[in-house]
Amino acid sequence: MVPTLWGRIQTRLFMLATVGAIITLLIVPVLPGSSGPLSERYVNGFLVLAAVGVLGIIWELIYHFLMQFRWEKDWPTLFGLLTLVPEGLVLYFLLRSGAVDVIDPVPPAAFWTHFTVVWVCIWLVTNGPMRVPFIRWRFRGGRVL
Amino acid sequence: MVAAAGIPMYDIPFLTVGGGMGSFVTLDYLRIYGVPTSQMRVVSNIDHPWQTYEFLTRCSQIPRGERIRSDSSSRPDNLWGFPSYALEEAWKEKKLSYLWQILTEPLLNDYWTPRAGTVFKNLEREAKRINYWDMLVKGQVRMVRRRAGGGYFTVVTPPDGAAATKRIIFRSRFVHIAIGYPGLKFLPDLQEFRTKHGDYQHVVNAYEPHEQVYEFLKTRPGTVVIRGGGIVASRVLQRLFDDRERHGLQTQIIHIFRTFVSGSHGPHIWARRKGGDGWAYQGFNYPKSVWGGQLKAQMRKLEGTERAKKYKEMGGTNTPYRRRWQEQMRAGRSGGYYHPVQGTVDRVEHSQDGRLVSYVRSSDGIVREPVSDYIIDCTGLEADIAEHRIFADLLQHGGAFRNPVGRLEVERHFEVKGTANGDGALYASGSATLGGYFPGVDTFLGLQIAAQEIADDLAGRGFVKKMGPLRSTSQWFKWAFNSSV
């Protein structure tokens, strides 16, 4: 899928709300280094997911801008995977610094496991299986609506 | 009138004319959407949909084992594009390197592209699965005309002996035309030479069989002039270089580029394509975003001269940057047997010893007169759409007209503008519609995009139900298990 700006944002939010939510439901109970009641850990997990979505809108604006330097106006598959590094680092330091105080400080191992697994699963689904139920999605620059 | 003329007439709601890749992909979509074979026919003079495509790829030096220039997830046999060809070949050949390549394309590696053979084998499987041959009617279409009362008549000449009359007629509510390239066009100076001397052996087009060139070069050292800077020129060059290596040949190659690209080019920093050594480099026929990204979205909104301007901006002959080809050309330049030059050819004549002299004028005023044994025209010029009788008739009598780049003007949903008739609709896809709201028409994925627009439009007209996520998923499983739609 070669994205448009609106398509990028929609795909990100849609993926976080579906694949991201399912993975979070499954993974939170077994995240390393986390403690406290399960319900609180779930709330925290979903808040992290929401933060990836909100911050992601800014990231997508940056990616869209960078993409303009490419003749093909495409976004190679590898970029979609590797952007997990800057996005993860920025979110991690924001959480550690307490800048996002609605989210409790997350142990590093729990944060990175959760973040990476969700990211890789979303990346895998975006690069193939998504096209099975949604046949028009890839021709609309990633717009779901 | 038709009945009075004694011409047999058949009613069929949806008829597609052509029977190549465009017809196949459209029928595939409609079958998967849920249209039974009894509602559709395809009229064609070829036996299987990939026949012409395979002929052209083979002539232009892509036999089944070689890789075509097409994205891994552009699968005309699988409208979902999943699993991609790369996954399939990696699985079947147990090659992890394909996965690494597809992951790192085009940054660390060339684009991964499928083998021609992989494409054809899968097309055959899918054609069987959708009962393609139950819908095939052999014949030559003479014309498609609007009929009083809505819909269209399609006049067909069946093969000799196949029918009792010389013509048969189909009466349809919907007609789809996908007859491919109207024809090949030669460079004017080469056409003049061929006509004047009747020599079709030494001045050849890369899209016609020209194996004699390579066979001759195996028997004695020779010189070949190549004209053109696109993918076909790359292919022909590769064949000449490969043969040099494999058989220890002495072939000399003079490569004439009309437009010699020496580096990145484009009007501003946000529209700059890479290039060098004569070539403009681009992964596929069009910038990738025409099949779904921002170029597709932009073009969809443009009309008239603005659209033509956009086509011009992203157009121009180009070829992919492939590491293997770069190596071969480098070796050729340093070894003194590959000579790329800029120039336009005024004329071609016989030399005294019966070889071919090209009179080449460069933009710096230098005139060269290279002598060669063969000239291969790799420019891939296409004839005007009116060269094909169906289009000529539609333009003259059917209400159709030309788009800003001179081909057939179609709607965003690929209905031919000006040809609507009652509750019927006439659609067209493929090369003839280049210049419309969607640019990548003459490509695998472009044909699928067109087919989807057509299928959705037909759904809007009540011919079939629009396919949603549930049917799509269940149909995908049927594809995966190769069970009937």
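**Strand β17 of chain B**

Strands are DSSP runs of E of at least two residues, and helices are runs of H or I of at least four, numbered from the N terminus.

The model is predicted: local features need pLDDT of at least 70 and side-chain atom pairs pLDDT 80 or more, while totals for chains, interfaces and linings use all residues. Residues are numbered from 1 along each chain as written, with chains lettered from A and ligands numbered from 1 in written order.

**Partners of β17**

Strands pair if DSSP finds at least two bridges between them. β17(B) pairs in the antiparallel sense with β16 (residues 344-350) of chain B over six bridges, E349(B) being the bridge partner of V357(B). In their hairpin, G354(B) takes a positive phi near 85 degrees.

β17(B) also pairs antiparallel with β18 (residues 367-368) of chain B over two bridges, where V360(B) partners R368(B).

**Parallel sheet**

An open sheet of five strands in chain B has the order β10-β20-β11-β12-β15, with parallel pairing. β10 (203-205) and β15 (338-342) of chain B each have a single partner strand, so one side of each is left without a neighbour in the sheet. Three bridges join β10(B) to β20 (residues 374-377) of chain B, with V204(B) partnered by I376(B).
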